[in-house]
Amino acid sequence: MCGGAAAAKVPAMDSIPLTIHLLLELDGSEVRGRAVAGEGTERPFSGRLGLIAAVDALIDAAQALPVPDPEPAA
């Protein structure tokens, strides 16, 4: 009998809603602009990899914010 590795217990993760607006400037195949999170945090970028890095930075910043207490059930 082949036994696989024991499954790791992963704690439940709460989802974080995050809206990101992209303001793009296209020049031929080049792209640059700004990625702006809903709360106003802004990350300028240049190139496709810069776009990915800007979105990643906004995600990291959102995850670092304190999670608000859920509203009590009525």
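Analyst: Start with leucine 51, which is partly exposed because its relative accessible area is 22%; buried means under 20%, exposed over 50%, partly exposed in between (1.4 Å probe, protein chains only). The model is predicted: local features need pLDDT of at least 70, side-chain atom pairs count only at pLDDT 80 or more, and totals for chains, interfaces and linings use all residues. Residues are numbered from 1 along each chain as its sequence is written, and side-chain values use heavy atoms, leaving out hydrogens and water.

User: Which residues does leucine 51 touch, not counting residues up to four places away in sequence?

Analyst: Leucine 51 lies in helix H1. Helices (H or I, at least four residues) and strands (E, at least two) are DSSP runs, numbered from the N terminus. Contact means heavy atoms within 4.5 Å. Not counting residues up to four places away in sequence, leucine 51 touches Leu22 and Phe45.

User: What separates the C-alpha atoms of leucine 51 and alanine 35?

Analyst: Along the chain, leucine 51 and alanine 35 are 16 residues apart. Their C-alpha separation is 7.6 Å.

User: Is leucine 26 buried or exposed?

Analyst: Leucine 26 sits in strand E1 (residues 20-27). Its relative accessibility is 66%, so leucine 26 counts as exposed.
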